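Thanks for asking me to look this one over. Below are a few numbered points on charged side chains and helix packing, in the order I would check them.

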Amino acid sequence: MRLRTLLVSLAVVPTVAMGVQVLISSDRSVQESRHLRKDVVAGRQTGVPLYRLMTALQSERAVTAGWWSGTPVSSADLRDRRADTDRAVAVFLKSSDPDQIHSDRGKDRLRDITRRLADLGAQRERADARRGSPDDAVDYYTDVISGTIRCLGEFNHVDDGGLAQEAASLVALFSAAEAVAREDAILALAGPSAKLTSARFREFVEAVGASGYLYDTITLDLPLDDQDALQRILTSNAWQTKSRIENAIVSEHRDVPSGVVLPPDVGDWRAAHGTFSAQLNTLDESELQELLDHADDRAAQLENQVVLLVAASGAALLLVVAVVAFTTRSVLRRLRSLHDRTVAVAEETLPGIVERLQRGEDVGTDALPRPRGEQDEVGRISDAFARAVAVSVEGHRKLADERQGFSVFASGIAARTGNLVSRQLALTEHIQDTFGQDEALLAELMRSDQLTVGMRRQIENLLILAGGEISDPHMEPMRIADLLREAAAEVEDFRRIDRHAMDETSVEAGVISQLSHLLAELLDNATRFSPPTARVSIRAELVGDGLCIEIEDRGPRVSAERYEEMNDRLHSAPPYSVLARNAHRLGLFVVGHLADQLGATVTLRRSAFGGTSAVVIVPSEHLVPAARPSAAAPEPAKESAPLPRPAEERLPKLVVRQRSSAPANAPAPVPAPGPAPAPGPGVPGEVPGRPALPERIPQTHIARPLREPRAAEPVARDAATPEEVADAWADYEDSTRQVELELRQDQP
């Protein structure tokens with residue numbers, strides 16, 4: 001996961017959480033406001049008509065009880081009470097809606113009230129005909145009224161403490177008023193005889209106690225204004241009369257076999273009740289309206305809170321988003337700067353510095369990133385990276401110094417050892433000239449000479465791998481055939497090499513030694529990894545990209561992965577650690593170095609014979625056309641015994657290698673005959689600090705017995721110039737074969 005994504009996620013998670021919390025709180029407030037609005041609508045459409053129906057039923061219950069008990073009640077008064085109840089029932093049935101109540105229990109109670117009101121006409125008919133008992137008629141009204149009180153308590157179910165407390169107080173007021181109304185109905189049942197049954201008397205006493213307790217409790221929970229209004233009712237003369245009558249009934253009643261006889265003071269109840277009941281109804285209805293108004297105000301307040309909450313939360317979210325965006329962009333900008341700086345140093349600056357150090361160039365501290373001394377985390381990381389780069393560069397500088405020093409040391413050792421090898425070759429040539437008449441000794445000397453030549457090639461390998469170059473002492477281009485012959489002469493088992501080359505192309509003088517050394521390494525590998533009796537062929541021909549030289553052996557089968565590994569070794573310059581692990585496989589590294597210097601390509605692949613084929617492509621820029629012999633040139637005469645050559649001509653010729661810093665077109669120094677001087681100061685052509693490696697010029701160290709003329713061969717000869725026919729190297733090969741035949745004949 002990208003760092004930008006992490007930072008954005010870190011900012012988005014709390015922002016989304018805050019938004020969700022605001023959404024939940026807003027939704028809760030909106031839902032509460034909606035419930036309050038519905039409660040207010042239900043209270044006004046259903047609650048108020050229901051309360052008025054309750055008071056109408058209470059009045060009709062008292063008149064009906066008095067009518068049944070024989071109390072003087074006018075028919076007009078009864079009709080008026082019933083008419084009030086009918087109007088209240090009509091309004092209630094028209095405006096009530098059970099769906100306006102939240103709870104299922106409240107809906108059931110509202111439907112139960114509607115169902116009971118359907119029996120109101122039948123109850124009135126029974127009362128008019130005085131069928132049944134007056135207790136049944138009073139109980140019917142009481143049940144309906146109790147249902148209305150319970151239904152009114154289901155209108156408010158909002159999680160608001162103040163409204164819930166106010167609603168509970170209002171229901172308590174309704175219950176207290178109903179208790180007083182039941183007292184009025186019970187006393188109406190006493191009739192003119194002022195006598196109650198024992199059950200009704202107990203019910204009256206319970207109603208007195210309930211009303212007293214409820215009013216005493218409600219007074220503490222009502223607001224101050226409502227407390228004052230209730231206290232005015234409770235301290236009025238009518239209420240005092242009510243209390244006096246209640247006390248008299250409780251304390252002065254007489255128990256008789258048929259029931260309880262009430263005291264004479266009960267006659268003052270009707271007038272007192274008519275006064276304080278109206279006051280209680282007014283107070284209760286005002287409390288109901290006040291509760292609905294408070295709920296309406298609370299709903300509006302919740303809506304305003306939702307608006308403020310959404311606005312404040314939106315502003316806070318915008319602020320958070322702005323801060324997060326600014327912080328994220330700031331952090332990402334600094335991290336991007338750190339990333340760009342570190343990537344530039346890691347991919348451009350540091351590789352360039354290491355490459356310059358490996359080339360031996362001096363690198364100043366201004367090229368390195370410097371610590372800035374910043375105090376924050378990103379700055380400290382940048383400074384730590386700068387210090388790490390400085391330590392890495394210092395380590396590379398030390399390694400480069402050690403490598404350069406080792407290269408100079410190895411080059412010096414190689415040059416001095418090469419001079420010793422040149423002197424060894426000169427001594428061998430001198431022994432050949434002096435004791436050449438002994439054929440057995442001559443054969444051994446030739447074998448020693450060949451091993452010494454291989455030793456010189458290994459010393460040149462050391463010089464190449466140490467960073468030196470092989471300069472070329474040749475002054476003239478060399479034919480391809482001669483180049484192949486010279487490369488084969490560097491191999492110990494040169495007799496197994498078959499050469500096939502054209503004569504129309506030559507190689508320029510400046511690259512002869514390098515190309516000859518490259519081919520000699522490939523030929524040496526081919527002979528060493530082929531069976532002892534197998535032949536190794538080398539052929540050269542012109543192709544579109546230059547000159548193609550192919551070396552093919554009959555060695556063991558090599559896997560494709562092994563070929564890929566060897567080809568990689570040909571195209572990479574390994575460090576000394578790799579060279580140390582592959583000390584027995586340095587030939588391919590040398591070939592790769594020489595190919596890079598020549599601009600040539602070398603590829604190893606499987607040959608058609610199952611062995612390995614090495615293909616060398618030499619660029620056309622290193623090729624020159626070969627000079628053709630003149631048509632008027634005289635035919636070569638029969639070769640006679642060659643004239644003795646001066647002694648100095650038989651010695652090896654040493655050429656001091658030039659550094660790669662010399663101009664490419666500078667002519668090579670003319671070889672001086674004679675033994676090569678030992679390395680040391682004052683030797684011409686030697687570069688201080690890295691002694692040059694001498695090279696033995698082929699075909700200048702042949703012993704006299706090897707220069708005997710050859711017998712005419714019946715085999716057709718290839719077209720060659722007279723100089724090439726008399727080439728001393730052909731005599732060398734012929735004489736070598738004769739010596740080997742003689743040695744094999746002498747063996748038992």
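A residue counts as buried under 20% relative accessible area, as exposed over 50%, and as partly exposed in between. Please keep in mind that this is a predicted model.

1. Arg-539 has a relative accessible area of 29%, so it is partly exposed. Because Glu-550 sits in strand S8 (residues 546-552) and Arg-539 in strand S7 (residues 536-543), the bridge ties together parts 11 residues apart in sequence.

2. Next, a network. Glu-60, Arg-82, Asp-86, Arg-124 and Asp-128 are joined by salt bridges that share partners. One of the pairs to look at is Glu-60 with Arg-124, which meet at 2.7 Å, N to O. This pair links distant parts of the chain, 64 residues apart: Glu-60 belongs to helix H1 (residues 3-69) and Arg-124 to helix H4 (residues 120-129). Both of these residues are buried. Across the whole structure, a search finds 30 salt bridges.

3. Another bridge joins Asp-184 and Arg-270, at 3.4 Å, N to O. Here the link spans 86 residues, from Asp-184 in helix H6 to Arg-270 in helix H10 (residues 269-358). How accessible is Asp-184? Its relative accessible area is 3%, so Asp-184 is buried. Arg-270, in contrast, is partly exposed, with a value of 46%.

4. Glu-166, in helix H6 (residues 161-190), is buried but has no salt bridge. The nearest side chain of opposite charge, that of Arg-298, is 10 Å away. Beyond residues up to four places away in sequence, Glu-166 touches Glu-290, Leu-291 and His-294. Lys-242, in helix H9 (residues 237-252), counts as buried because its relative accessibility is 2%. Apart from neighbours within four places in sequence, Lys-242 contacts Val-180, Glu-183, Ser-211, Trp-269 and Phe-276.

5. Finally, a helix pair. Helix H12 (residues 439-465) packs against helix H14 (residues 512-528) at an angle of about 115°, and their axes are 12 Å apart. The contact involves Arg-457, Gln-458, Glu-460, Asn-461 and Ile-464 of H12, together with His-517, Ala-520, Glu-521 and Asp-524 of H14. What is the make-up of the residues in this contact? Four are charged, three polar and two nonpolar. The crossing of H12 past H14 is left-handed.

Key
Residues are numbered from 1 along each chain as its sequence is written. This is a predicted model: local features need pLDDT of at least 70, side-chain atom pairs count only at pLDDT 80 or more; totals for chains, interfaces and linings use all residues. Side-chain values use heavy atoms; hydrogens and water are left out. Axes are lines fitted to C-alpha atoms, for helices over the stretch in contact, and angles run from 0 to 180 degrees between N-to-C directions. Helices (H or I, at least four residues) and strands (E, at least two) are DSSP runs, numbered from the N terminus. A crossing is left-handed if the near helix is turned anticlockwise from the far one by less than a right angle, and right-handed if clockwise. Contact means heavy atoms within 4.5 Å. Ala, Val, Leu, Ile, Met, Phe, Trp, Tyr, Cys and Pro count as nonpolar, Asp, Glu, Lys and Arg as charged, and the others, Gly among them, as polar. Buried means under 20% relative accessible area, exposed over 50%, partly exposed in between (1.4 Å probe, protein chains only). Lys and Arg count as positive and Asp and Glu as negative; His and the chain ends are not counted. A salt bridge is a side-chain nitrogen of Lys or Arg within 4 Å of a carboxyl oxygen of Asp or Glu.
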